[in-house]
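Dear colleague,

I am handing over the structure below, and I would be grateful if you could look through it alongside the notes that follow it.

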Amino acid sequence: MVKDREKSSHSLTLDIAVYAVWSLFVLIVSGCQMQNLSPLTGAVLILGFIGLAFFVVTSEGSGKEARLIACITIAAVFVRTFYVLYTGAMQRQHDVGEFDTYLENNYHAEYIEYLLENHKLLAEDIRDHWQFYHPPFHHIVCAIFFGIYRTIVPSAAHNWDALQTLSLFWSLVTLAVFRKFLDIFSLSAKGRITAFLAMAIHPQLIVFAGALNNDPLALMLSVLALYLAWTWYGKKKFWILLLTGLSIGLGMMTKLSAGLVAVPIAFLMLKVLFTSKRKLATIGEYSIFLLITAPLGLWYQVRSLILWNVPITYVAIPDTDLNPGLVISGVPFWKRFFEFGGNNYNIISETMDQAVFDGDYYRDHTVLALLGYFLLASFVLLTLISLIGMILAWIKKRNDLNTFLTILLLSELFFYVLFCFRYPYTCTMSFRYIVPVIIAGSYYCGIAREKGPNLLALFTDVAVFSFALLSMVFYCLIWIK
């Protein structure tokens, strides 16, 4: 079984190339706008998707498990692409603002436009320009991409939806890396299917396919770094360690919090160092790793520190004069975790809600409200099952992978809770800050399916299939709102 699975596992590089072609194909055919589709271009897009689906099916190989993974992948690509088509550049976004509108250089849209028009960083104190405190890798890539796009298609010089080509691509690459994690998870076929369903069609990842802030790229680089780190741990190839450092550095150059993945990766590196017979050589390799990672990840923060004395860990806070309802300071610690029902300060309930709805409100639409209720319930159940799975893993399946993923989960949650208390605003409680935990949570769902009693396996099947199906249906319907 394992040998067959390894043979059917295709190249991550090939997946990335195919998803790049598909993302550009969507842009060329539709301009990333559903209203631009005519019957002819709609048919061309469908034919292109059939071709992509054929690639996915053939590359997965034969066998029931391969066919199921292929079906999940095809569904995940479909819902992401459809979401991009019906979502505009200023719909369901976080801190993006408005394109072609001057708002005193405060939003991600203006950050991209400033780089596009001026070809340099803003030379003013970043604390006066809100989202400009973020490092610029995402915005640089967007500016270069859109500059090329409007040169090739001058008539579309203000079609900012075209930038969702990049978001779609980042989201699909993340999906491809998630698929590669299945080859790492030492699970049965049913366990792998459970894990992949839990991660592939997660609502947050669908939303990221159309998000124009820096979250999708930061997530892609974070999960890629985790995958490369585990691959390096198994093969001990220096070039893989360098790629890991490059991914972490570029992730931090996109969003500083992407560097949190260095915590579980540090566990792997320390274990290799302590067990290595060539410690000096290993320390030398780690030094080169740091020489790549640190300058890439911190140069922008160091620049701001030197020029304007901005702390390295500076985070912009919302304007509470204009939005006083965002402030939740003074709420006792225990209430932030244990008081439920109708409040806006409970970290657990707010994060759960954000994970499936990303801060949007759908309760004024009967169909979406009903679907959303069951979607949220299935996610809560799935979260509880993953916690049970983590306990089972520590009882029945203690190994380095389990330790690696547990450190990933706990470190992300620990720093997230600190973040919520250090910045006591309602907008701080968002699942988009801890999306890498999906990897660990999905693995532990697979463990619960495989190692738990029959009743737990049944609950896991019901929860994961309900969650994936409801997520798919919900995000295929919210365009009607």
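Helix α2 is followed by G31, whose phi is positive, near 65°; helices here are DSSP runs of H or I with at least four residues, numbered from the N terminus. Please bear in mind that this is a predicted model, in which local features need pLDDT of at least 70 and side-chain atom pairs count only at pLDDT 80 or more, whereas totals for chains, interfaces and linings use all residues. Residues are numbered from 1 along each chain as its sequence is written, and side-chain values use heavy atoms, with hydrogens and water left out.

The helix α2 itself covers residues 12-30, and its 19 residues should span 27 Å at 1.5 Å a residue, which agrees with the 27 Å between its end C-alpha atoms (the expected span being 1.5 Å times one less than the number of residues). At its start, a side-chain oxygen of S11 comes to within 3.1 Å of the backbone nitrogen of T13. Among the buried residues of α2 are L12, Y19, W22 and L27, where buried means under 20% relative accessible area with a 1.4 Å probe, protein chains only. The buried residues of α2 pack against α3 (39-60), α4 (64-86), α6, α7 and α10, contact being taken as heavy atoms within 4.5 Å.

Leaving aside residues up to four places away in sequence, N159 touches G31, Q33, F146 and Y149.

Turning to the aromatic rings, a search of the whole structure finds 36 aromatic pairs; rings of Phe, Tyr and Trp (its six-membered ring) pair if their centres lie within 6.5 Å, and planes under 30 degrees apart count as stacked, over 60 as edge-to-face and the rest as tilted. The rings of F146 and W160 have centres 4.1 Å apart and planes at 10°, so this pair is stacked. Because F146 lies in helix α6 (residues 137-152) and W160 in the loop between α6 and α7 (164-184), the pair ties together parts that are 14 residues apart in sequence. F146 counts as buried at 0% relative accessibility, and W160 counts as buried at 6%. The pair of W230 and F404 is tilted, with 5.5 Å centre to centre and 35° between the planes. Since W230 belongs to helix α10 (residues 215-235) and F404 to helix α17 (residues 400-422), that pair ties together parts 174 residues apart in sequence, and both W230 and F404 are buried.

Two charges sit over rings: the charged end of K236 is 4.7 Å from the centre of the Y233 ring, and that of R336 is 4.9 Å from the centre of the F421 ring. The criterion is NZ of Lys or CZ of Arg within 6 Å of the ring centre and within 35 degrees of the ring normal.

Finally, the largest nonpolar core has 163 residues, with F185 and L405 making the most contacts inside it, and its largest share, 14 residues, comes from α10. Such a core is a set of buried Ala, Val, Leu, Ile, Met, Phe, Trp, Tyr and Cys residues joined through side-chain atoms within 4.5 Å.

With best regards

Technical notes. Helices (H or I, at least four residues) and strands (E, at least two) are DSSP runs, numbered from the N terminus. Buried means under 20% relative accessible area, exposed over 50%, partly exposed in between (1.4 Å probe, protein chains only). A polar contact is a pair of N or O atoms within 3.5 Å; within protein, one must be able to donate a hydrogen and the other to accept it, and residues adjacent in sequence count only if both atoms are side-chain atoms.
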